[in-house]
Amino acid sequence: MSDEAPQQSTSKLDNAGTLLQSVSTSMTHEKVSILPGHEPDYSACTFCLWQEDHTLGNALRWIIMKDPDVEFCGYTAPHPSEPKIHLRIQMYDGLSAVDCLRKALSNLRDLFTTVDKSYKHSLNNDNYIREQDVDVRAAVDETLRQRGFPVEGDEEGMDLS
């Protein structure tokens, strides 16, 4: 027997309707699948990315469009209540859209890793820009006073003329 505490199981399905549907129908979804209608050589494919949204869709579209071999890349979120996006990639010269997606995911992971390392390094070394906190309430109260309006907490009977 191990002394380790049991790990909590967490569901990736945050949408209650989707969770209910998957439990009641025993559906399981692949994280990434190729939708029907792709080219026979896979040079143009629409991928379905399950449990993803605009955060990954826009980042992938951006990084894929940086590849000069890509003719077109775009994504859609078919419906707000569906936890998936569709990503369309079309390549020049019969190159593989599948390989392009793999490369883009790898490049995106490398980019995020680099940003994370840089962020943590700056944070650990106190090497970042510190902004002066502004007391918004005090700034608004001062503006109101300058314009002749009463401010809560000011003395009663204050001359507002």
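Predicted model: local features only at pLDDT ≥ 70, side-chain atom pairs only at ≥ 80, totals over all residues.

How exposed is Asp-154, by relative accessible area? I found Asp-154 partly exposed at 21% (buried is under 20%, exposed over 50%, partly exposed in between, with a 1.4 Å probe and protein chains only).

Residues are numbered from 1 along each chain as its sequence is written, and side-chain values use heavy atoms, leaving out hydrogens and water.

Next, I checked salt bridges (a side-chain nitrogen of Lys or Arg within 4 Å of a carboxyl oxygen of Asp or Glu). Asp-154 makes one with Arg-145, with the closest N and O atoms 3.0 Å apart. Arg-145 is partly exposed too, at 32%. Shared partners link Glu-142, Arg-145 and Asp-154 into one network.

I then looked at Asp-141, which bridges to Arg-137 at 3.9 Å between the closest N and O atoms. They sit four residues apart in helix α4 (residues 136-146), so about one helical turn separates them (helices are DSSP runs of H or I, at least four residues, strands are runs of E, at least two, and both are numbered from the N terminus). Asp-141 is buried at 14%, but Arg-137 is exposed at 54%.

Last entry: strand β4 (residues 84-91). Six of its eight residues are buried, so the rest of the structure largely encloses it. I saw β4 pair antiparallel with strand β2 (residues 44-50) over seven bridges (pairing needs at least two DSSP bridges). Phe-47 stands opposite Leu-87 in β4.
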